[in-house]
Amino acid sequence: MMKLDTRHRCGLRWKHTLVPNALKYIQDVRKMTAEFIVRRSDDYKAEVTSPTHRAVVDLEAMTCSCNRWQLTGLPCSHATALIQEIRGLDILKFIDQCYFTDAYRATYEMRVNPLVDKSLWEHVHLPYIVLPPESRRPRGRPKKKRIRDPNELKKTKRMHKCGRCGNWGHHKSSCKEPLKCVEAQGSQAVARPPRKLVPRRRTKNKKKSVTDGQSDVVAASESQAHISSQVLANISKSCSMREFQKIEQRGRRGRKTDLEREKRQIL
């Protein structure tokens, strides 16, 4: 109901004789016929040669050997080239009536009556049950690409230039061409020798060298830690667990500050 109303309103807004799709098709086909060669046999028959193939057009029978005119009802590119060749001939005479705006408006002129709520419908008891039709899923993977028009222009693939060797048709990541570094010396050309690959040294697992002053600091900290562990063992026997944890944290902070002072004195 809503679709019929929207299409009816669209038809009322159109001002051209043809619907927009047909009008755009005719404009595009006229641009294509610039390179066509027309060889007329009489006023309504001719042999039309395009850059790809040759076709025979008959304007009286409204036919073309490419069969596009008969299938769509719109003049093909060969027929359009012949119509433009003949002066005073209107292309609208060779277009099917279904592509005119008046026919479109007449198609969607009807109205669909709105329905009341389902609770107000009349109950009808049928002696049979209406079941949905049986359907089977077609075999094979469903198609995702649309079926292209035979006269539709194909998009040209963009050529890529390799940033490594400078050739066309592949990327730098998939390049397999050998590099040739050449230096010109007078009239002769001498190729450079390939560079030798030197393995990198790993420095992650290396231990820093310890100086004499730092070794004294480490020894002092180890002896202090041994003494403090004995003191903490004696304290743990005479106090609770929570108090022992507080004392241990204070001892750790005191060790760090003492070590930092000794390092500053040595450095």
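Accessible areas come from the Shrake-Rupley method with a 1.4 Å probe, and for residues only the protein chains shown count as cover. On this basis the accessible surface of the protein chain comes to about 24600 Å². Carbon and sulfur atoms hold 52% of that surface. The model is predicted: local features need pLDDT of at least 70, side-chain atom pairs count only at pLDDT 80 or more, and totals for chains, interfaces and linings use all residues. Residues are numbered from 1 along each chain as its sequence is written, and side-chain values use heavy atoms, with hydrogens and water left out.

The protein chain contains seven helices and six strands. These are DSSP runs numbered from the N terminus (helices: H or I, at least four residues; strands: E, at least two). Their order along the sequence is α-α-β-β-β-β-α-α-α-β-β-α-α. Of the 267 residues, 18% count as buried. Buried means under 20% relative accessible area, exposed over 50%, and partly exposed in between (1.4 Å probe, protein chains only). Contact means heavy atoms within 4.5 Å. Among contacts between residues at least 6 apart in sequence, 44% join residues at least 24 apart.

A nonpolar core is a set of buried Ala, Val, Leu, Ile, Met, Phe, Trp, Tyr and Cys residues joined through side-chain atoms within 4.5 Å. The largest such core has 27 residues. Val57, Leu59 and Trp69 touch the most other members. Helix 2 (20-32), strand 2 (45-49), strand 3 (54-58) and helix 4 (77-85) each supply at least two residues of this core. Beyond four places in sequence, the residues that Trp69 touches include Val57, Leu59, Met62, Leu74, Ala79 and Phe94.

Helix 4 is mostly covered, with seven of its nine residues buried. They are Ser77, His78, Ala79, Thr80, Ala81, Leu82 and Ile83. Their cover includes helix 2, strand 1 (37-40), strand 2, strand 3, strand 4 (63-64) and helix 3 (68-72).

A salt bridge is a side-chain nitrogen of Lys or Arg within 4 Å of a carboxyl oxygen of Asp or Glu. The count is five. Asp5 pairs with Arg9, the closest N and O atoms being 3.0 Å apart. Because the two residues are four apart in helix 1 (residues 2-13), about one helical turn separates Asp5 and Arg9. Asp5 is partly exposed at 32% relative accessibility, and Arg9 is partly exposed at 49%. Asp28 pairs with Lys24 at 3.1 Å between the closest N and O atoms. Arg40 and Asp43 also meet in a salt bridge (3.6 Å, N to O). Salt bridges that share partners join Arg39, Glu47 and Arg54 into one network.
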